[in-house]
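I wanted a record of what holds these chains against each other, taken in the order in which I looked things up. The entries follow.

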Amino acid sequence: MKSVQPSAAPSPARRFVGPAIALVILTGVWLFAPDRAEDAVRTIGLSLRELVLVIPPVFVLLGLLDIWISRERLMRHLGAGTGIRGTTIAFVMGSVAAGPLYAAFPVATVLMKKGCSFFNVMVFIGAWSTTKIPMFLFEYSALGPTFALTRLAANVPAILLMSFILSRVVKADELAELVAE
Amino acid sequence: MFTIVFYAVAVAGLIASLIADRSKTRRALEKAWKAFLGILPEFVVVIVITGIILSFLDPQTISRLLGDESGWMGVLGAAVVGSVTLMPGFVAFPLAALILEQGAGLVQIAAFVSTLMMVGVITFPVERRVFGTRIALVRNSLAFVFALGVAGVLGVVLGSVW
């Protein structure tokens with residue numbers, strides 16, 4: 001496996017490689033299955049709309065967090081050794097969020113840089129992915145209370161256990177590299 | 001409606017910040033914009049690939065894959081479908097209810113919903129930038145296993161036999 005090359009921002013030209021490949025694939029689909037491509041474009045439009053509508057507050061809050069909350073302060077609440085209280089805060093932060101999971105990752109970067117423990121970062125990501133309140137409400141109404149509540153009850157320990165394993169798996173130098181940049 | 005609350009919180013924070021310190025607020029917004037631009041290419045990839053994958057996975061296809069009779073292979077298949085797709089909750093849950101009606105099994109639905117949320121094959125490029133390739137790989141693999149576990153718990157609780 002290659003060594004970690006995480007947060008280092010790609011050079012300007014390389015930034016366009018990913019989107020370019022995605023567009024080439026889309027063009028390929030369009031050549032062979034035009035109606036699928038039309039479907040895809042419709043979905044892409046909806047997702048872009050979501051991006052424009054839902055994402056701005058995430059980044060505004062990220063910016064405010066970055067500027068207003070000092071490293072010492074964040075570490076005091078979410079750093080290593082903050083115990084159940086810190087983990088609860090991470091859980092609540094992830095659960096009250098809105099927006100797709102991929103919007104949570106930039107927030108995780110800020111949290112890590114400010115000294116949030118890796119365990120709590122993972123709890124935050126886990127909560128954002130599965131115990132978000134609006135998601136739960138959708139699930140409750142669409143699939144019923146038994147389904148939604150059982151899944152929630154199973155997910156909370158699952159997230160904690162996963163975060164624990166990940167915090168053990170991550171290496172100190174790896175963490176240092178993630179926080180660098 | 002929840003988005004509105006989230007907007008209200010962000011706007012309130014922004015106003016409070018403006019009152020407290022204009023130049024700091026400016027810097028916060030610059031940081032927000034920079035962070036957004038930094039991750040935008042990955043976002044675009046995620047969105048385009050999601051669109052393409054969903055165009056091949058209509059509700060009928062999914063419910064055929066996740067049929068009640070599909071057994072544990074169906075559960076595994078559901079977990080894979082959930083891992084490679086990405087959709088907002090307001091799309092996912094009505095869809096889950098729909099394919100449940102069309103005959104998909106509950107455990108399969110649970111595996112689908114759980115991996116949909118926790119495992120992100122498409123969002124991997126974004127995650128990789130933040131946690132590094134190794135951790136992102138481990139997190140997603142773990143999430144896959146745990147999602148299957150959660151589906152299993154649901155199967156037991158709901159007494160569904162597959």
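I searched the whole structure, which is a predicted model, and found eight salt bridges over all chains. I then looked at one pair that crosses between chains: A:D66, in helix α3 of chain A, is paired with B:K31, in helix α2 (residues 22-56) of chain B. I read 3.6 Å for the closest N and O atoms of A:D66 and B:K31. The pair counts as a salt bridge because the rule asks for a side-chain nitrogen of Lys or Arg within 4 Å of a carboxyl oxygen of Asp or Glu. How many salt bridges does the rule find across the interface of chain A and chain B? I noted two.

**Interface of chain A and chain B.** I counted contacts next. The buried area between the two chains came out at about 6,800 Å². Carbon and sulfur atoms give 81% of that area. For polar contacts between chain A and chain B I got seven residue pairs, both residues at pLDDT 80 or more.

**Aromatic pairs.** I ran the ring search over all chains and it returned eight aromatic pairs. I checked A:F105 with B:F131: the ring centres are 5.9 Å apart and the planes stand at 90 degrees, so I logged the pair as edge-to-face. This pair also crosses between chains, with A:F105 in helix α6 of chain A and B:F131 in helix α7 (residues 124-131) of chain B.

**Domains.** Chain A is divided into domain 1 (9-54) and domain 2 (69-179). I have 29 Å between the centres of these two domains of chain A, taken over C-alpha atoms. For chain B the assignment gives domain 1 (1-40) and domain 2 (57-157). The C-alpha centres of domain 1 and domain 2 of chain B lie 33 Å apart.

Terms used:
Residues numbered from 1 in each chain as written. Chains lettered and ligands numbered in written order. Predicted model: local features only at pLDDT ≥ 70, side-chain atom pairs only at ≥ 80, totals over all residues. Heavy atoms only, no water. Buried area = accessible area lost by both parts, 1.4 Å probe. Polar contact = N/O pair within 3.5 Å; in protein donor to acceptor, adjacent residues only side chain to side chain. Domains from an automatic or database assignment. Phe/Tyr/Trp six-rings, centres within 6.5 Å; stacked < 30°, edge-to-face > 60°. Helix = DSSP H or I, 4+ residues; strand = E, 2+ residues; numbered from the N terminus.
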